[in-house]
Amino acid sequence: MPEKADRAYSPRADLLAGRVVLVTGAGDGIGRAAALAYAEHGADVVLLGRTEHKLEAVFDLIEASTETRPVVVPADLLHASEDAATILYHAIRREYGRLDGVLHNAGLLGPRTSIAEYAVSDWLEVMHVNVNAAFIVTRAMMPLLEESDDASVVFTFSGVGRRGRAHWGAYAVSKFALEGLMEVLADETARAGRIRVNSLNPGATRTAMRAAAYPHEDPETLPPPEDHMGLYLYLMGPDSKGVTGQRFDAGFWSSPH
Ligand code: NDP
(Lines give C-alpha, C1' and ligand atoms only; values in the text may rest on other atoms or scores of the structure.)
Protein backbone atom coordinates (compact mmCIF):
# COMPACT_ATOMS: atom_id res chain seq x y z
CA MET A 1 0.00 0.00 0.00
CA PRO A 2 1.37 3.43 -0.80
CA GLU A 3 2.45 5.70 2.01
CA LYS A 4 0.15 8.57 2.88
CA ALA A 5 0.98 11.27 0.37
CA ASP A 6 0.86 15.02 0.66
CA ARG A 7 0.64 15.31 -3.08
CA ALA A 8 -2.51 14.60 -5.01
CA TYR A 9 -3.22 11.22 -6.48
CA SER A 10 -3.12 11.51 -10.27
CA PRO A 11 -5.40 8.89 -11.74
CA ARG A 12 -5.16 8.17 -15.44
CA ALA A 13 -7.95 9.83 -17.45
CA ASP A 14 -9.17 6.37 -18.48
CA LEU A 15 -8.69 4.81 -15.01
CA LEU A 16 -12.13 3.17 -15.00
CA ALA A 17 -12.67 2.70 -18.74
CA GLY A 18 -14.64 -0.45 -19.51
CA ARG A 19 -15.79 -0.81 -15.91
CA VAL A 20 -19.30 -0.68 -14.49
CA VAL A 21 -19.70 0.83 -11.02
CA LEU A 22 -22.79 0.97 -8.80
CA VAL A 23 -23.03 4.03 -6.53
CA THR A 24 -25.72 4.22 -3.85
CA GLY A 25 -26.95 7.64 -2.81
CA ALA A 26 -25.71 9.00 -6.15
CA GLY A 27 -28.11 11.95 -6.33
CA ASP A 28 -26.53 14.27 -3.80
CA GLY A 29 -23.52 15.01 -1.63
CA ILE A 30 -20.50 12.76 -1.74
CA GLY A 31 -22.23 10.05 -3.81
CA ARG A 32 -23.06 12.57 -6.52
CA ALA A 33 -19.44 13.75 -6.67
CA ALA A 34 -18.18 10.15 -6.77
CA ALA A 35 -20.59 9.18 -9.56
CA LEU A 36 -19.42 12.17 -11.63
CA ALA A 37 -15.74 11.42 -10.92
CA TYR A 38 -16.14 7.76 -11.85
CA ALA A 39 -17.89 8.66 -15.11
CA GLU A 40 -15.24 11.31 -15.89
CA HIS A 41 -12.68 8.51 -15.59
CA GLY A 42 -14.53 6.23 -17.98
CA ALA A 43 -16.91 4.11 -15.87
CA ASP A 44 -20.48 3.33 -16.78
CA VAL A 45 -22.20 4.29 -13.53
CA VAL A 46 -25.38 2.79 -12.08
CA LEU A 47 -26.92 5.74 -10.23
CA LEU A 48 -29.01 4.44 -7.35
CA GLY A 49 -30.87 6.77 -5.00
CA ARG A 50 -34.26 7.67 -3.65
CA THR A 51 -34.94 11.05 -5.32
CA GLU A 52 -35.40 10.53 -9.03
CA HIS A 53 -35.00 14.13 -10.20
CA LYS A 54 -31.61 14.38 -8.46
CA LEU A 55 -30.46 11.19 -10.18
CA GLU A 56 -31.73 12.49 -13.52
CA ALA A 57 -29.71 15.68 -13.05
CA VAL A 58 -26.54 13.62 -12.42
CA PHE A 59 -27.40 11.45 -15.44
CA ASP A 60 -27.74 14.56 -17.64
CA LEU A 61 -24.40 15.96 -16.46
CA ILE A 62 -22.65 12.67 -17.21
CA GLU A 63 -24.30 12.37 -20.62
CA ALA A 64 -23.33 15.93 -21.49
CA SER A 65 -19.69 15.62 -20.46
CA THR A 66 -18.62 12.01 -21.09
CA GLU A 67 -19.00 9.17 -23.58
CA THR A 68 -20.09 6.76 -20.82
CA ARG A 69 -23.48 5.06 -20.45
CA PRO A 70 -25.04 5.76 -17.01
CA VAL A 71 -28.36 4.37 -15.84
CA VAL A 72 -30.72 5.70 -13.19
CA VAL A 73 -32.14 3.33 -10.57
CA PRO A 74 -34.67 5.11 -8.34
CA ALA A 75 -34.82 3.02 -5.17
CA ASP A 76 -35.46 3.78 -1.51
CA LEU A 77 -33.09 1.55 0.46
CA LEU A 78 -35.54 1.70 3.33
CA HIS A 79 -37.37 -0.96 1.32
CA ALA A 80 -34.27 -2.91 0.32
CA SER A 81 -35.18 -6.59 0.07
CA GLU A 82 -33.80 -9.76 -1.44
CA ASP A 83 -36.37 -9.55 -4.26
CA ALA A 84 -35.58 -5.91 -5.08
CA ALA A 85 -31.84 -6.64 -5.08
CA THR A 86 -32.35 -9.64 -7.37
CA ILE A 87 -34.23 -7.41 -9.82
CA LEU A 88 -31.33 -4.94 -9.71
CA TYR A 89 -28.86 -7.77 -10.30
CA HIS A 90 -30.73 -8.94 -13.43
CA ALA A 91 -31.12 -5.38 -14.69
CA ILE A 92 -27.35 -4.74 -14.44
CA ARG A 93 -26.56 -8.09 -16.08
CA ARG A 94 -29.00 -7.32 -18.91
CA GLU A 95 -27.79 -3.74 -19.42
CA TYR A 96 -24.02 -4.21 -19.08
CA GLY A 97 -23.27 -7.90 -18.56
CA ARG A 98 -20.77 -7.01 -15.83
CA LEU A 99 -20.16 -5.17 -12.57
CA ASP A 100 -16.70 -4.12 -11.36
CA GLY A 101 -17.39 -1.97 -8.35
CA VAL A 102 -19.86 -0.92 -5.69
CA LEU A 103 -19.62 2.27 -3.63
CA HIS A 104 -21.89 1.91 -0.61
CA ASN A 105 -22.40 5.59 0.09
CA ALA A 106 -26.10 6.13 0.87
CA GLY A 107 -26.69 6.79 4.52
CA LEU A 108 -29.33 8.02 6.95
CA LEU A 109 -28.29 10.22 9.84
CA GLY A 110 -31.36 9.57 11.99
CA PRO A 111 -32.16 11.52 15.16
CA ARG A 112 -29.34 13.02 17.23
CA THR A 113 -30.62 11.87 20.62
CA SER A 114 -29.80 9.60 23.53
CA ILE A 115 -30.30 5.85 23.48
CA ALA A 116 -32.98 6.30 26.17
CA GLU A 117 -34.94 8.67 23.92
CA TYR A 118 -34.27 6.94 20.59
CA ALA A 119 -37.49 5.80 18.90
CA VAL A 120 -37.33 2.11 18.02
CA SER A 121 -38.84 2.80 14.59
CA ASP A 122 -36.07 5.36 13.84
CA TRP A 123 -33.42 2.89 14.98
CA LEU A 124 -34.73 0.16 12.69
CA GLU A 125 -34.89 2.54 9.71
CA VAL A 126 -31.31 3.77 10.12
CA MET A 127 -29.98 0.24 10.58
CA HIS A 128 -31.90 -0.98 7.54
CA VAL A 129 -30.67 1.75 5.18
CA ASN A 130 -27.10 1.92 6.50
CA VAL A 131 -26.34 -1.74 7.22
CA ASN A 132 -28.96 -4.23 6.02
CA ALA A 133 -29.28 -2.62 2.59
CA ALA A 134 -25.50 -2.65 2.14
CA PHE A 135 -25.47 -6.38 2.96
CA ILE A 136 -28.51 -7.14 0.77
CA VAL A 137 -27.13 -5.27 -2.25
CA THR A 138 -23.61 -6.70 -1.85
CA ARG A 139 -24.92 -10.25 -1.52
CA ALA A 140 -27.04 -9.92 -4.65
CA MET A 141 -24.14 -8.47 -6.67
CA MET A 142 -21.57 -11.12 -5.68
CA PRO A 143 -22.02 -13.33 -8.78
CA LEU A 144 -21.33 -10.33 -11.04
CA LEU A 145 -18.41 -9.11 -8.93
CA GLU A 146 -16.87 -12.59 -8.91
CA GLU A 147 -16.87 -12.59 -12.71
CA SER A 148 -14.81 -9.39 -12.81
CA ASP A 149 -11.00 -9.72 -12.89
CA ASP A 150 -10.60 -6.69 -10.68
CA ALA A 151 -13.62 -5.77 -8.58
CA SER A 152 -13.77 -3.27 -5.72
CA VAL A 153 -16.35 -2.92 -2.95
CA VAL A 154 -16.11 0.25 -0.85
CA PHE A 155 -18.06 0.94 2.33
CA THR A 156 -18.41 4.40 3.88
CA PHE A 157 -17.75 4.76 7.57
CA SER A 158 -17.41 7.67 9.95
CA GLY A 159 -15.38 8.72 12.96
CA VAL A 160 -18.36 7.99 15.24
CA GLY A 161 -18.22 4.41 13.99
CA ARG A 162 -14.76 4.00 15.44
CA ARG A 163 -15.37 5.54 18.83
CA GLY A 164 -19.01 5.80 19.93
CA ARG A 165 -20.17 9.22 21.04
CA ALA A 166 -23.26 10.39 22.91
CA HIS A 167 -26.35 11.17 20.83
CA TRP A 168 -25.14 9.54 17.61
CA GLY A 169 -27.37 6.50 18.22
CA ALA A 170 -28.06 4.12 15.35
CA TYR A 171 -25.91 6.12 12.92
CA ALA A 172 -22.78 5.39 14.96
CA VAL A 173 -23.75 1.77 15.60
CA SER A 174 -24.49 1.25 11.90
CA LYS A 175 -21.01 2.47 10.99
CA PHE A 176 -19.41 0.04 13.47
CA ALA A 177 -21.48 -2.70 11.82
CA LEU A 178 -20.35 -1.70 8.32
CA GLU A 179 -16.75 -2.04 9.44
CA GLY A 180 -17.55 -5.58 10.51
CA LEU A 181 -19.22 -6.34 7.19
CA MET A 182 -16.19 -4.96 5.36
CA GLU A 183 -13.76 -7.11 7.38
CA VAL A 184 -15.80 -10.30 7.00
CA LEU A 185 -16.23 -9.87 3.25
CA ALA A 186 -12.58 -8.87 2.77
CA ASP A 187 -11.47 -12.02 4.58
CA GLU A 188 -13.83 -14.20 2.56
CA THR A 189 -12.62 -12.82 -0.77
CA ALA A 190 -8.90 -12.35 0.01
CA ARG A 191 -7.77 -15.79 -1.10
CA ALA A 192 -9.31 -15.63 -4.59
CA GLY A 193 -7.91 -12.11 -4.95
CA ARG A 194 -10.44 -10.92 -7.53
CA ILE A 195 -12.51 -8.70 -5.22
CA ARG A 196 -11.01 -6.18 -2.82
CA VAL A 197 -13.10 -4.74 -0.01
CA ASN A 198 -12.23 -1.58 1.89
CA SER A 199 -13.88 1.25 3.75
CA LEU A 200 -13.33 4.96 3.76
CA ASN A 201 -14.18 7.83 6.04
CA PRO A 202 -14.68 11.06 4.12
CA GLY A 203 -14.45 13.10 7.34
CA ALA A 204 -16.26 16.41 7.80
CA THR A 205 -17.54 17.33 4.34
CA ARG A 206 -19.82 20.10 3.06
CA THR A 207 -23.08 18.20 2.45
CA ALA A 208 -26.73 18.22 3.53
CA MET A 209 -26.07 15.44 6.04
CA ARG A 210 -23.24 17.33 7.69
CA ALA A 211 -25.40 20.48 7.87
CA ALA A 212 -28.18 18.48 9.53
CA ALA A 213 -25.75 17.03 12.09
CA TYR A 214 -24.05 20.38 12.81
CA PRO A 215 -26.63 23.11 12.10
CA HIS A 216 -24.52 25.87 13.68
CA GLU A 217 -21.40 25.16 11.67
CA ASP A 218 -20.42 27.37 8.73
CA PRO A 219 -20.38 24.99 5.73
CA GLU A 220 -17.83 27.19 4.00
CA THR A 221 -15.24 26.04 6.54
CA LEU A 222 -15.55 22.45 5.25
CA PRO A 223 -14.10 20.84 2.14
CA PRO A 224 -16.58 20.04 -0.63
CA PRO A 225 -17.04 16.39 -1.68
CA GLU A 226 -14.90 16.96 -4.79
CA ASP A 227 -11.82 17.37 -2.57
CA HIS A 228 -11.98 13.68 -1.60
CA MET A 229 -12.28 12.19 -5.05
CA GLY A 230 -8.64 11.15 -5.22
CA LEU A 231 -9.28 8.54 -2.54
CA TYR A 232 -12.61 7.47 -4.06
CA LEU A 233 -10.92 6.95 -7.45
CA TYR A 234 -7.91 5.19 -5.98
CA LEU A 235 -10.05 2.65 -4.14
CA MET A 236 -12.34 2.00 -7.12
CA GLY A 237 -9.60 1.69 -9.73
CA PRO A 238 -6.77 -0.73 -10.51
CA ASP A 239 -4.15 1.24 -8.55
CA SER A 240 -5.55 -0.27 -5.34
CA LYS A 241 -5.40 -3.84 -6.65
CA GLY A 242 -4.23 -6.12 -3.85
CA VAL A 243 -5.33 -3.69 -1.12
CA THR A 244 -8.13 -5.25 0.90
CA GLY A 245 -9.60 -5.18 4.39
CA GLN A 246 -8.27 -1.65 5.01
CA ARG A 247 -9.75 1.53 6.41
CA PHE A 248 -8.90 4.80 4.73
CA ASP A 249 -9.42 8.33 5.98
CA ALA A 250 -10.01 11.38 3.81
CA GLY A 251 -6.68 12.98 3.11
CA PHE A 252 -4.93 9.69 2.39
CA TRP A 253 -4.97 10.91 -1.18
CA SER A 254 -6.07 14.46 -1.86
CA SER A 255 -8.07 15.59 -4.84
CA PRO A 256 -6.75 15.00 -8.35
CA HIS A 257 -8.03 18.44 -9.34
P1 NDP B 1 -26.10 13.35 2.00
O2 NDP B 1 -27.25 13.26 2.93
O3 NDP B 1 -25.68 14.68 1.50
O4 NDP B 1 -26.33 12.39 0.75
C5 NDP B 1 -26.72 11.06 0.99
C6 NDP B 1 -27.28 10.48 -0.28
O7 NDP B 1 -27.82 9.19 0.07
C8 NDP B 1 -28.43 11.32 -0.83
O9 NDP B 1 -28.38 11.33 -2.23
C10 NDP B 1 -29.65 10.57 -0.33
O11 NDP B 1 -30.79 10.71 -1.14
C12 NDP B 1 -29.16 9.13 -0.36
N13 NDP B 1 -30.00 8.32 0.52
C14 NDP B 1 -30.28 8.55 1.81
N15 NDP B 1 -31.16 7.64 2.26
C16 NDP B 1 -31.43 6.83 1.20
C17 NDP B 1 -32.30 5.73 1.02
N18 NDP B 1 -33.08 5.31 1.99
N19 NDP B 1 -32.33 5.13 -0.18
C20 NDP B 1 -31.58 5.58 -1.19
N21 NDP B 1 -30.75 6.63 -1.10
C22 NDP B 1 -30.69 7.27 0.09
O23 NDP B 1 -24.89 12.63 2.76
P24 NDP B 1 -23.31 12.73 2.56
O25 NDP B 1 -23.01 12.89 1.13
O26 NDP B 1 -22.79 13.67 3.55
O27 NDP B 1 -22.88 11.28 3.07
C28 NDP B 1 -22.50 10.22 2.21
C29 NDP B 1 -21.89 9.13 3.06
O30 NDP B 1 -20.73 9.65 3.72
C31 NDP B 1 -22.82 8.61 4.15
O32 NDP B 1 -22.66 7.22 4.27
C33 NDP B 1 -22.32 9.31 5.40
O34 NDP B 1 -22.60 8.57 6.54
C35 NDP B 1 -20.84 9.38 5.12
N36 NDP B 1 -20.13 10.44 5.86
C37 NDP B 1 -20.37 11.76 5.62
C38 NDP B 1 -19.69 12.73 6.31
C39 NDP B 1 -19.91 14.19 6.07
O40 NDP B 1 -19.34 15.04 6.78
N41 NDP B 1 -20.72 14.58 5.08
C42 NDP B 1 -18.68 12.39 7.34
C43 NDP B 1 -18.50 10.96 7.52
C44 NDP B 1 -19.20 10.03 6.80
P45 NDP B 1 -31.61 12.09 -1.21
O46 NDP B 1 -30.84 12.94 -2.13
O47 NDP B 1 -32.92 11.67 -1.73
O48 NDP B 1 -31.66 12.63 0.18
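Student: How much space lies in the second largest pocket?
Tutor: Rolling a probe the size of a water molecule over the atoms shows where empty space is left. A pocket here is an open set of points, on a 1 Å grid over the protein atoms alone, where a 1.4 Å probe fits, with protein on both sides within 12 Å along at least five of seven lines. Volume is the space filled by probe spheres set on the points, which are joined across faces, edges and corners. The second largest pocket holds about 310 Å³. This is a predicted model, where local features need pLDDT of at least 70, side-chain atom pairs count only at pLDDT 80 or more, and totals for chains, interfaces and linings use all residues. Residues are numbered from 1 along each chain as its sequence is written, and side-chain values use heavy atoms, without hydrogens and water.

Student: Which residues lie nearest the centre of the second largest pocket?
Tutor: Lining residues have an atom within 4 Å of a point. There are 21 here, with L48, V73, A84, I87 and L88 nearest the centre. Helix α3 (82–95) supplies the largest share, 8 residues.

Student: How do the residues of that lining divide?
Tutor: Into 16 nonpolar, 2 polar and 3 charged.

Student: And how much space lies in the largest pocket?
Tutor: About 1000 Å³. Its lining has 44 residues, and N105, A106, G107, T207 and M209 are the closest to its centre. Helix α6 gives the most, with 4 residues.

Conventions: Helix = DSSP H or I, 4+ residues; strand = E, 2+ residues; numbered from the N terminus. Nonpolar A, V, L, I, M, F, W, Y, C, P; charged D, E, K, R; others polar.
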